[in-house]
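These are my notebook entries on a single protein chain. I record what I looked up and what I found, entry by entry.

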Amino acid sequence: MNKPLIELSGIQVRIDERDILKNVDFSLHRQEIVTLIGPNGAGKSTLIKVLLGIIKPKAGQVHSHKALKFSYVPQKFNPSHSLPLRVCDLLALEKCDAATKAEVIRDTGISKLEYSKVQQLSGGERQRVLIARALLRQPDILVLDEPMQGLDIQSEAELYNYVSSLPAKYGCAVLMVSHDLQWVMQGTHRVVCLNKHICCSGTPANVQQHPEYQAIFGTNRVFYQHHHDHCAHGDSATPCQHDPRPHIHPEPEV
């Protein structure tokens, strides 16, 4: 079994006398796509900050495979309209060789946007630009915080298809925070359901059947799963090549 890139064990975080995370165990393997879900206030952002080293837990340990390089794509990026920020200016903030930069720009499909103002981009275009900037760091772990928020269905589908290709293309792991269960259940290798503690963790199909998942999200959503082969990492799975296009038809939300 491959050693995880990063592993958290027994993590506890208290803020203002409130338990934010309690006895959380979490790991992330190379070239794995893991999606973190849970209700508002579940501690998802706090767990990300522990992983990034921004918050030091009250108890527990963080073990990393090496000096990991993280890239973080925020949930929102809305620079002031008074700031004349072009896409090429934003990308220039990350230093990398010209060949890598050209490859990332081509792969993310933003070559025609380089001289556009960031403020004038559509939601899908802006997310691609932010992902491009993150990839220029050549990260071991790419963290995406609600990357599909505010996008139309077509843009969501295109962006999820692209995200699913990143581990094989760039060798990174992807950790995604999302409330969009339709896409979560289609485009990830492992789902981790958090509600201050780890409620359940595993493949999308298994997590949907877990009582704690159903207690939080209900049982009305029925997803068609695209089946593909995995090699187990405990309750996780190593990634494989598969078609990440939408194959699911959730029941209406109530």
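Entry 1: Asp 16. I looked up its exposure and found that Asp 16 is exposed, with a relative accessible area of 68%. For these entries I take buried as under 20% relative accessible area, exposed as over 50% and partly exposed as in between, with a 1.4 Å probe and protein chains only. Asp 16 lies in the loop between strand S1 (6–15) and strand S2 (18–28). Its phi is near 55°, a positive value in a residue other than glycine. Helices (H or I, at least four residues) and strands (E, at least two) are DSSP runs, numbered from the N terminus.

I note the basis of the work here: the model is predicted, local features need pLDDT of at least 70, side-chain atom pairs count only at pLDDT 80 or more, and totals for chains, interfaces and linings use all residues. Residues are numbered from 1 along each chain as its sequence is written, and side-chain values use heavy atoms, with hydrogens and water left out.

Entry 2: I then turned to the loop between S2 and strand S3 (33–37), where Gln 31 is found. Gln 31 has a positive phi of about 60° although it is not a glycine. At 30% relative accessibility, Gln 31 counts as partly exposed. Arg 30 is placed in the loop between S2 and S3, and I found Arg 30 partly exposed, with a relative accessible area of 38%. I also looked up a C-alpha separation: Arg 30 and Asp 140 are 110 residues apart along the chain, and their C-alpha atoms are separated by 7.7 Å.

Entry 3: helix H1. Which residues of H1 (residues 44–52) are buried? I list Lys 44, Thr 46, Leu 47, Ile 48, Val 50 and Leu 51 as buried. For Thr 46, the relative accessible area is 12%. Leaving aside residues up to four places away in sequence, Thr 46 touches Val 13, Ile 20, Leu 21 and Ile 55; contact means heavy atoms within 4.5 Å. Just after H1, Gly 53 takes a positive phi of about 85°.

Entry 4: H3 against H4. I looked up the packing of H3 and helix H4 (residues 123–136) and found an angle of about 155°, with the axes 10 Å apart. This makes H3 roughly antiparallel to H4. The axes are lines fitted to C-alpha atoms, for helices over the stretch in contact, and angles run from 0 to 180 degrees between N-to-C directions. Angles under 35 degrees count as roughly parallel, over 145 as roughly antiparallel, 65 to 115 as roughly perpendicular and the rest as oblique. H3 passes H4 in a right-handed crossing; a crossing is right-handed if the near helix is turned clockwise from the far one by less than a right angle, and left-handed if anticlockwise. Lys 101, Val 104, Asp 107 and Thr 108 of H3 make the contact with Arg 128, Ala 132, Leu 135 and Leu 136 of H4. I sorted the residues of this contact by class and noted four nonpolar, one polar and three charged. In this sorting Ala, Val, Leu, Ile, Met, Phe, Trp, Tyr, Cys and Pro count as nonpolar, Asp, Glu, Lys and Arg as charged, and the others, Gly among them, as polar.

Entry 5: H3 against H5. Helix H3 (residues 98–108) and helix H5 (residues 153–170) pack at about 150°, with their axes 12 Å apart. I noted a right-handed crossing where H3 passes H5. Glu 103, Val 104, Asp 107 and Thr 108 in H3 meet Tyr 162, Lys 169 and Tyr 170 in H5. By class, this contact of H3 with H5 has three nonpolar, one polar and three charged residues.

Entry 6: H4 against H5. How do the axes of H4 and H5 cross? I found that they come within 11 Å and cross at roughly 10°. H4 and H5 are therefore roughly parallel to each other. On the H4 side, the contact is made by Gly 124, Gln 127, Arg 128, Ile 131 and Leu 135. On the H5 side, I list Ser 155, Glu 158, Leu 159, Tyr 162, Val 163, Leu 166 and Tyr 170. The contact of H4 with H5 has seven nonpolar, three polar and two charged residues.

Entry 7: the whole chain. Buried residues make up 48% of its 254 residues.
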